[in-house]
Amino acid sequence: MSAVESRLAELGLTLPEVVPPLAAYQPAVQSGVYVYTAGQLPMVEGKLPVTGKVGAEVTAEEAKDLARTCALNALAAVKSVAGDLDRIARVVKVVGFVASATDFTGQPGVVNGASELLAEVLGDRGVHARSAVGVAVLPLDAPVEVEIQVELTQA
(Lines give C-alpha, C1' and ligand atoms only; values in the text may rest on other atoms or scores of the structure.)
Protein backbone atom coordinates (compact mmCIF):
# COMPACT_ATOMS: atom_id res chain seq x y z
CA MET A 1 0.00 0.00 0.00
CA SER A 2 1.34 3.42 -0.95
CA ALA A 3 1.90 6.16 1.64
CA VAL A 4 -0.99 8.11 0.11
CA GLU A 5 -3.31 5.11 0.39
CA SER A 6 -2.14 4.58 3.98
CA ARG A 7 -3.06 8.20 4.70
CA LEU A 8 -6.49 7.63 3.15
CA ALA A 9 -6.93 4.63 5.46
CA GLU A 10 -5.94 6.77 8.48
CA LEU A 11 -8.75 9.15 7.45
CA GLY A 12 -11.19 6.23 7.24
CA LEU A 13 -11.31 6.38 3.46
CA THR A 14 -10.73 3.77 0.77
CA LEU A 15 -9.68 4.51 -2.76
CA PRO A 16 -12.63 3.45 -4.93
CA GLU A 17 -12.55 1.71 -8.29
CA VAL A 18 -12.28 4.11 -11.22
CA VAL A 19 -15.71 5.36 -12.24
CA PRO A 20 -16.35 4.10 -15.78
CA PRO A 21 -16.80 6.82 -18.40
CA LEU A 22 -20.38 7.87 -19.21
CA ALA A 23 -19.49 8.73 -22.82
CA ALA A 24 -16.55 8.77 -25.29
CA TYR A 25 -13.62 9.78 -23.04
CA GLN A 26 -11.03 8.36 -20.65
CA PRO A 27 -11.22 8.90 -16.86
CA ALA A 28 -7.66 10.27 -16.95
CA VAL A 29 -4.83 10.79 -19.41
CA GLN A 30 -1.14 11.43 -18.90
CA SER A 31 0.85 13.91 -20.98
CA GLY A 32 4.48 14.13 -19.95
CA VAL A 33 4.61 14.57 -16.17
CA TYR A 34 0.98 15.72 -15.93
CA VAL A 35 -2.20 13.74 -15.41
CA TYR A 36 -5.51 15.35 -16.33
CA THR A 37 -8.70 13.77 -15.07
CA ALA A 38 -12.06 13.97 -16.72
CA GLY A 39 -14.77 15.53 -14.61
CA GLN A 40 -15.52 13.15 -11.77
CA LEU A 41 -19.05 12.83 -10.43
CA PRO A 42 -19.69 11.84 -6.81
CA MET A 43 -20.44 8.23 -7.75
CA VAL A 44 -20.47 5.69 -4.93
CA GLU A 45 -20.62 2.06 -6.03
CA GLY A 46 -21.89 3.09 -9.44
CA LYS A 47 -24.65 5.42 -8.24
CA LEU A 48 -25.15 9.06 -7.38
CA PRO A 49 -26.17 9.23 -3.72
CA VAL A 50 -28.01 12.55 -4.27
CA THR A 51 -29.23 14.46 -7.32
CA GLY A 52 -30.48 17.98 -7.89
CA LYS A 53 -29.41 21.59 -7.60
CA VAL A 54 -27.38 22.95 -4.73
CA GLY A 55 -29.44 25.55 -2.91
CA ALA A 56 -32.67 23.76 -3.81
CA GLU A 57 -32.84 19.96 -3.46
CA VAL A 58 -29.28 19.65 -2.11
CA THR A 59 -27.78 21.63 0.78
CA ALA A 60 -24.37 23.27 0.55
CA GLU A 61 -23.05 20.91 3.25
CA GLU A 62 -24.31 17.83 1.37
CA ALA A 63 -22.68 19.17 -1.79
CA LYS A 64 -19.39 19.81 0.03
CA ASP A 65 -19.36 16.14 1.10
CA LEU A 66 -20.12 15.13 -2.49
CA ALA A 67 -17.16 17.22 -3.68
CA ARG A 68 -14.96 15.17 -1.34
CA THR A 69 -16.25 12.04 -3.06
CA CYS A 70 -15.48 13.58 -6.45
CA ALA A 71 -11.89 14.26 -5.33
CA LEU A 72 -11.53 10.69 -4.10
CA ASN A 73 -12.79 9.44 -7.47
CA ALA A 74 -10.30 11.78 -9.18
CA LEU A 75 -7.44 10.26 -7.17
CA ALA A 76 -8.58 6.81 -8.32
CA ALA A 77 -8.49 8.06 -11.91
CA VAL A 78 -4.97 9.45 -11.40
CA LYS A 79 -3.79 6.12 -9.97
CA SER A 80 -5.21 4.30 -13.01
CA VAL A 81 -2.65 6.02 -15.26
CA ALA A 82 0.17 6.89 -12.83
CA GLY A 83 0.24 3.47 -11.18
CA ASP A 84 1.05 4.84 -7.73
CA LEU A 85 -0.35 7.88 -5.93
CA ASP A 86 3.00 8.41 -4.24
CA ARG A 87 4.18 9.71 -7.63
CA ILE A 88 2.07 12.85 -7.18
CA ALA A 89 4.51 15.75 -6.88
CA ARG A 90 1.65 18.21 -6.47
CA VAL A 91 -1.93 18.92 -7.38
CA VAL A 92 -1.65 21.78 -9.84
CA LYS A 93 -5.29 22.72 -10.48
CA VAL A 94 -8.79 21.77 -9.39
CA VAL A 95 -11.90 22.79 -11.30
CA GLY A 96 -15.24 22.29 -9.58
CA PHE A 97 -18.64 22.63 -11.20
CA VAL A 98 -21.68 23.10 -8.97
CA ALA A 99 -25.20 22.62 -10.34
CA SER A 100 -26.75 25.62 -8.66
CA ALA A 101 -30.18 27.03 -7.94
CA THR A 102 -30.47 30.46 -9.54
CA ASP A 103 -29.87 32.29 -6.25
CA PHE A 104 -27.07 30.04 -4.90
CA THR A 105 -23.68 31.77 -4.69
CA GLY A 106 -21.74 29.45 -2.39
CA GLN A 107 -19.84 27.50 -5.06
CA PRO A 108 -16.40 28.12 -3.46
CA GLY A 109 -17.57 26.60 -0.17
CA VAL A 110 -18.88 23.52 -1.96
CA VAL A 111 -15.66 22.96 -3.89
CA ASN A 112 -13.73 23.35 -0.63
CA GLY A 113 -14.81 19.76 0.00
CA ALA A 114 -12.49 18.60 -2.78
CA SER A 115 -9.70 21.04 -1.91
CA GLU A 116 -9.73 20.12 1.77
CA LEU A 117 -9.66 16.38 1.01
CA LEU A 118 -6.65 16.77 -1.28
CA ALA A 119 -4.80 18.79 1.37
CA GLU A 120 -5.70 16.26 4.11
CA VAL A 121 -4.44 13.37 2.01
CA LEU A 122 -1.42 14.94 0.30
CA GLY A 123 -0.37 17.70 2.68
CA ASP A 124 1.45 20.56 0.95
CA ARG A 125 1.43 18.55 -2.32
CA GLY A 126 -2.37 18.88 -2.30
CA VAL A 127 -2.45 22.70 -2.23
CA HIS A 128 -3.50 23.96 -5.68
CA ALA A 129 -4.93 26.68 -7.89
CA ARG A 130 -8.71 26.37 -8.35
CA SER A 131 -11.87 27.46 -10.09
CA ALA A 132 -15.37 26.96 -8.65
CA VAL A 133 -18.08 27.47 -11.24
CA GLY A 134 -21.86 27.50 -10.90
CA VAL A 135 -23.71 25.77 -13.75
CA ALA A 136 -27.33 25.10 -14.66
CA VAL A 137 -27.09 21.31 -14.83
CA LEU A 138 -24.52 18.50 -14.74
CA PRO A 139 -24.60 14.96 -16.18
CA LEU A 140 -27.14 12.63 -14.52
CA ASP A 141 -28.42 15.64 -12.52
CA ALA A 142 -25.33 15.43 -10.30
CA PRO A 143 -24.98 18.33 -7.85
CA VAL A 144 -21.19 18.62 -8.28
CA GLU A 145 -18.37 17.54 -10.60
CA VAL A 146 -14.63 17.93 -10.02
CA GLU A 147 -11.61 17.54 -12.28
CA ILE A 148 -7.97 17.74 -11.24
CA GLN A 149 -4.58 18.17 -12.85
CA VAL A 150 -1.55 16.71 -11.09
CA GLU A 151 2.17 16.79 -11.70
CA LEU A 152 4.00 13.50 -11.26
CA THR A 153 7.55 12.77 -10.22
CA GLN A 154 9.60 10.94 -12.84
CA ALA A 155 9.01 7.18 -12.81
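**Reading a predicted model**

Modeller: The protein exposes about 7300 Å², and carbon and sulfur atoms supply 52% of that area. The model is a predicted one.

Biologist: What makes up the fold, in helices and strands?

Modeller: There are three helices and five strands. Read from the N terminus, the order of the elements is α-β-β-α-β-α-β-β.

Biologist: Why is the protein called as compact as a globular protein of its length?

Modeller: The globule rule gives 15 Å for 155 residues, and the radius of gyration is 15 Å, close to that figure, so the protein is as compact as a globular protein of that length. Along the principal axes, the C-alpha atoms fill a box of roughly 45 × 30 × 25 Å.

Biologist: How many of the residues count as buried, and what share of the contacts joins residues at least 24 apart?

Modeller: Buried residues make up 43% of the 155. Of the contacts between residues at least 6 apart in sequence, 81% join residues at least 24 apart.

Biologist: What separates the mean positions of the positive and negative charges?

Modeller: The protein has 11 positive and 18 negative charges, and their mean positions are 4 Å apart.

Biologist: How do you know what span to expect of helix α2?

Modeller: Helix α2 covers residues 60-82, which is 23 residues, and at 1.5 Å a residue the expected span is 33 Å. From first C-alpha to last, α2 reaches 32 Å, close to that value. Just after α2 comes G83, with a positive phi of about 90 degrees.

Biologist: Why is V78 called buried?

Modeller: Buried means under 20% relative accessible area. V78 has 0%, so V78 is buried. This residue is in helix α2. Leaving out residues up to four places away in sequence, V78 touches A28, V35, T37, G83, L85, I88, I148 and V150. V78 and L152 are 74 residues apart in sequence, yet their C-alpha atoms are 9.8 Å apart in space.

Biologist: What makes V91 a buried residue, and where is V91 placed?

Modeller: V91 is in strand β3, residues 88-99. Its relative accessible area is 0%, and the cut-off for buried is under 20%, so V91 counts as buried. Apart from neighbours within four places in sequence, V91 is in contact with L118, L122, R125, G126, V127, H128, Q149 and V150. G46 is 45 residues from V91 along the chain, and 26 Å separates the C-alpha atoms of the two.

Biologist: Why are S6 and R7 called partly exposed?

Modeller: S6 has a relative accessible area of 27%, so S6 is partly exposed. R7 has 29%, so R7 is partly exposed as well. S6 lies in helix α1, residues 3-10, and R7 is also in helix α1.

Biologist: What makes the phi of L140 and of D141 worth a remark?

Modeller: Most residues other than glycine have a negative phi. Phi of L140 is near 60 degrees, a positive value in a residue that is not glycine. D141 is also a residue other than glycine, and its phi is positive, near 65 degrees.

Biologist: Where is L140, and where is D141?

Modeller: L140 is in the loop between β4 (129-135) and β5 (144-152). D141 is in the loop between β4 and β5 too.

Biologist: How do you know whether D141 is buried, partly exposed or exposed?

Modeller: Its relative accessibility is 29%. Buried would need under 20% and exposed over 50%, so D141 counts as partly exposed.

Definitions and conventions:
Residues are numbered from 1 along each chain as its sequence is written. This is a predicted model: local features need pLDDT of at least 70, side-chain atom pairs count only at pLDDT 80 or more; totals for chains, interfaces and linings use all residues. Side-chain values use heavy atoms; hydrogens and water are left out. Helices (H or I, at least four residues) and strands (E, at least two) are DSSP runs, numbered from the N terminus. The radius of gyration is taken over C-alpha atoms; the globule rule is 2.2 Å times the number of residues to the power 0.38. Buried means under 20% relative accessible area, exposed over 50%, partly exposed in between (1.4 Å probe, protein chains only). Contact means heavy atoms within 4.5 Å. Accessible areas come from the Shrake-Rupley method with a 1.4 Å probe; for residues, only the protein chains shown count as cover. Lys and Arg count as positive and Asp and Glu as negative; His and the chain ends are not counted. The place of a charge is taken as NZ of Lys, CZ of Arg, CG of Asp or CD of Glu. The expected span of a helix is 1.5 Å times one less than its number of residues.
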